Amino acid sequence: MTAVDDALAGAVYEEGDASLDAGASLLAAAPGSDAELARQGRELVRRAWERGWQPADLVRLARRELSAHHVLLLTELITTECAGYGTLPPRWRGQLDALDPARWTADRFSYATAVLELYRLLVRLPSLEPVGPVPGTVFVAASGYDPRTLGRIRGLLAKAEATTFPEEAEALTAKAQELMARHALDEAALPEHRADTPAACRIGVDQPYESAKAILLDAVASANRCRAVWNGDLGFSTVVGFESDLEAVELLYTSLLVQGTTAMTRAEAAQRAGGRRRTKTFRQSFLLSYASRLGDRLAATAESVTAPAGLLPVLATRDIAVADRTDQLFPHTTATRVRGATDEAGWSEGRTAADAARVARERGRLGR
């Protein structure tokens, strides 16, 4: 066995810090083992793809379970591994572009210890429900928004988040929602799209206050004829729906979360200015109220919009297809008890912020 094999056998597949220290000492004393160590790391990344993981999933888990330098080590493994693929599955290019290309430098023992800690995490990954093809397999490119429309929507939402004028933000967001609604209805009317099947994607639900964020994501997904299943242990929700609806969910959830967080920060500052000390309970209650109220508003918005009569059977068929696909991926979901709101001021401020959030205006709406 090589020094790498000996180090991995003890440090990665056994418990405890002692085995990590012993393995790191072996690697630190064998500088010629770096190439083999990296090769085995890339092999672990390939196995992760086969278990249903994608680049963003691995980075998210490393960020939750380890530290920033582990994320940099993982990023290098992922980018090196993916550079050898001729083509990438849908969504992978965006995930890779979001990675930080910086490298971590340290003494050999610290470096070896971090690598072994990362490999221990990768070896013990559970299998996930597949939400797309793995590299090296035949796949059909996802059909969603055309680049021009997607660029316009992103630009409008970015301006809405950045402006300090509520009226301007309302107009920008309403326009973005109008574009989404028009696209969704047009797509449902096209015969070639009626043979499409639902897809799935994972959206990170980050700490803190992840339960409130998961509720907000579920509300946005439901309004767009999608289903969301939250995995609190791994920090993401899997959203199931048709491709353009998934894109709408990602964009709108991100935008509404930014608006909610900004409003929460302002409300908390106002509370402090009034002499009241705010705590985590205020923020938790604020976001729970914000998500709950937005859920009501989004549901009412969806119900108030009636699709052209000729499309109602098509939309009903697509809803059934999404439900069936969700049941296939998650046959054993369970209900989760969410910690309730305990701060009256936070709850009240959250409802106010939700009422101020731009979710509908005239013809604009969420999804179809």
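A residue is called buried when its relative accessible area is under 20%, exposed when that area is over 50%, and partly exposed in between (1.4 Å probe, protein chains only). With this scale in hand, the structure can be walked through step by step. The model is a predicted one, in which local features need pLDDT of at least 70 and side-chain atom pairs count only at pLDDT 80 or more, while totals for chains, interfaces and linings use all residues. Residues are numbered from 1 along each chain as its sequence is written, and side-chain values use heavy atoms, with hydrogens and water left out.

The overall picture comes first. The protein contains 14 helices and three strands; helices (H or I, at least four residues) and strands (E, at least two) are DSSP runs, numbered from the N terminus. Of the 368 residues in the protein, 46% are buried. Contact here means heavy atoms within 4.5 Å. Among the contacts in the protein with a separation of 6 or more, 80% are between residues 24 or more positions apart.

Two helix pairs show how such elements pack. For these, axes are lines fitted to C-alpha atoms, for helices over the stretch in contact, and angles run from 0 to 180 degrees between N-to-C directions. Angles under 35 degrees count as roughly parallel, over 145 as roughly antiparallel, 65 to 115 as roughly perpendicular and the rest as oblique. Helix α3 (residues 34-50) meets helix α5 (residues 68-82) at an angle of about 75°, and their axes are 9 Å apart. The two helices α3 and α5 are therefore roughly perpendicular to each other. On the α3 side the contact involves Ala38, Gly41, Arg42, Val45, Arg46 and Trp49, and on the α5 side Leu74, Leu77, Ile78, Thr80, Glu81 and Cys82.

The second pair is helix α10 (residues 210-223) with α11, packed at an angle of about 135° with axes 9 Å apart. That angle makes α10 oblique to α11. Residues in contact are Lys213, Leu216, Leu217, Val220 and Ala221 from α10, together with Val249, Leu252, Tyr253, Leu256 and Leu257 from α11.

Charged side chains come next. Side chains of opposite charge can pair when their charged atoms come close. A salt bridge is counted when a side-chain nitrogen of Lys or Arg lies within 4 Å of a carboxyl oxygen of Asp or Glu, and the structure holds 13 of them. One joins Asp34 to Arg108, with the closest N and O atoms 3.1 Å apart. This pair links distant parts of the chain, since Asp34 sits in helix α3 and Arg108 in helix α7 (residues 108-123), 74 residues apart. Asp34 is partly exposed at 30% relative accessibility, and Arg108 is partly exposed with a relative accessible area of 30%.

Arg39 and Glu36 form one (2.8 Å, N to O), and because they are three residues apart in helix α3, about one helical turn separates them. Arg39 is partly exposed, at 38% relative accessibility, and Glu36 is partly exposed at 27%. Arg46 and Glu43 form another salt bridge (2.5 Å, N to O); both lie in helix α3, three residues apart, about one turn of the helix. Salt bridges that share partners bring Glu43, Arg46, Arg47 and Glu81 into one network.

Glu247 is buried yet has no salt bridge, and Arg154, the nearest side chain of opposite charge, is 5.7 Å away; Lys and Arg count as positive and Asp and Glu as negative, while His and the chain ends are not counted. Not counting residues up to four places away in sequence, Glu247 touches Gly144, Tyr145 and Leu150. Glu250 is found in helix α11 as well and is partly exposed, with a relative accessible area of 28%.

Most residues other than glycine have a negative phi, and most peptide bonds are trans. A cis peptide bond joins Gln207 and Pro208, with omega about -5°, and Pro208 lies in the loop between β1 (199-204) and α10. Tyr209, found in the loop between β1 and α10, has a positive phi near 60° and is buried, with a relative accessible area of 14%. Phi is also near 60° at Arg225, which lies in the loop between α10 and β2 (227-231).
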